[in-house]
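Here is a short walk through one protein chain, written to be read with the structure open beside you.

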Amino acid sequence: MLISSLLQIGHGITALIGGGGKTTLMYTLAEELKCRGKVIICTSTKIKQPAQYPTLFGASEEDVAAALIEQNVICVADKSGENKLCAPQISFDALARLADFVIVEADGAKRLPLKAHAPHEPVIPSGAHRTVMVVGIDGIGKTIAETCHRPALYAELAGQSEDAVVTPEIAAKVIRAEGYGDRVYINKVEDAASFETAEQLGKQFDCPVIAGSLHMGVYTCLH
């Protein structure tokens, strides 16, 4: 089954937050959703420029509308000073009027599987109808210090030291404490052991939880 269907991605703005895997999820969703309509990918923070999609810099609404006539998926952004893309000048609400689907990477994790959020993040657009919390299952079983972005803050939320090993219960405690996201996607679930761990993690949430592997293209709804 398609992950866009399991996550119930509808028309409008979807925000992706949490640990590593958000960019791959954004591209996967774009490929699935382009069969259902026009797709804009972008960021409210910073991302690398996609190689597979045309990117519009400093574009007007007219520029975006024209590009979507020719392409099913485009990236809309501005350039940051770090050879990365940053948020576009056009509002996310305006982008949602121009395309059927707007997928926003609204967080940074420095490619780590788990993270805690500083006060200024995540930058979730106010019009987002779906916010997906991404969790890397490979972060479970390692210490907070080695597997978490913003480890000091993560440890504080978990009530643990940075040397503590992350368990499914600890990971869920931090996510619940922050209160972001209405869907959880557990990534890199690729064998029996990681699936068992994902099941333990999924039981900690009331919202729908999907587990799977973006690399393998296999996904399961845990509840």
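K110 counts as exposed, at 69% relative accessibility. Before going further, please keep in mind that this is a predicted model. K110 sits in the loop between β7 (101-105) and β8, and its phi is near 55°, a positive value in a residue other than glycine. R111 lies in the loop between β7 and β8 as well. Its phi is near 70°, again positive in a residue other than glycine, and R111 is exposed, with a relative accessible area of 77%. Why point these residues out? Most residues other than glycine have a negative phi, and most peptide bonds are trans.

To find P122, look in the loop between β8 (114-115) and β9 (128-136).

Which residues of helix α3 (residues 61-70) are buried? They are V64, A67 and L68. Seen down the axis of α3, these buried residues fall within an arc of 100°, so they line one face of the helix.

On the face of α3 turned away from the buried side you will find the exposed residues E62, I69 and E70. As for the buried residues of α3, they pack against three strands, β2 (39-43), β4 (55-57) and β5 (73-79), and against α4 (92-98).

Two packed helices are described by the angle between their axes and the distance between the axes.

| Helix pair | Angle between axes | Axis distance |
|---|---|---|
| α7 (residues 168-178) and α8 (residues 192-202) | about 40° | 8 Å |
| α6 (residues 151-158) and α7 | roughly 90° | within 9 Å |

With an angle of about 40° between them, α7 is oblique to α8. The crossing of these helices, α7 and α8, is right-handed. P168, A171 and A172 of α7 make the contact with T197, Q200 and L201 of α8. By type, the residues of this contact of α7 with α8 are four nonpolar, two polar and no charged.

How do α6 and α7 compare in direction? Their axes cross at roughly 90°, and α6 and α7 are therefore roughly perpendicular to each other. In this contact, Y154, L157 and A158 in α6 meet I170, A171, K173, V174, A177 and E178 in α7. The residues of the contact of α6 with α7 divide into seven nonpolar, no polar and two charged.

## A buried residue in a strand

Finally, take a look at I186, which lies in strand β11 (residues 183-187). Is I186 buried or exposed? I186 is buried, with a relative accessible area of 0%. Leaving aside neighbours within four places in sequence, the residues in contact with I186 include V135, I137, A198, L201 and G202. Further along the chain, V209, I210, A211, G212 and L222 are also among the contacts of I186.

For a sense of distance, the C-alpha atoms of I186 and H215 are separated by 13 Å, and the two residues are 29 residues apart along the chain.

Terms used
Residues numbered from 1 in each chain as written. Predicted model: local features only at pLDDT ≥ 70, side-chain atom pairs only at ≥ 80, totals over all residues. Heavy atoms only, no water. Buried < 20%, exposed > 50% of the residue type's maximum accessible area, 1.4 Å probe, protein only. Helix = DSSP H or I, 4+ residues; strand = E, 2+ residues; numbered from the N terminus. Arc of directions from axis to C-beta. Contact = heavy atoms within 4.5 Å. Axes fitted to C-alpha atoms, helices over the stretch in contact; angles between N-to-C directions. Parallel < 35°, antiparallel > 145°, perpendicular 65-115°, else oblique. Left-handed = near helix turned anticlockwise from the far one by under 90°. Nonpolar A, V, L, I, M, F, W, Y, C, P; charged D, E, K, R; others polar.
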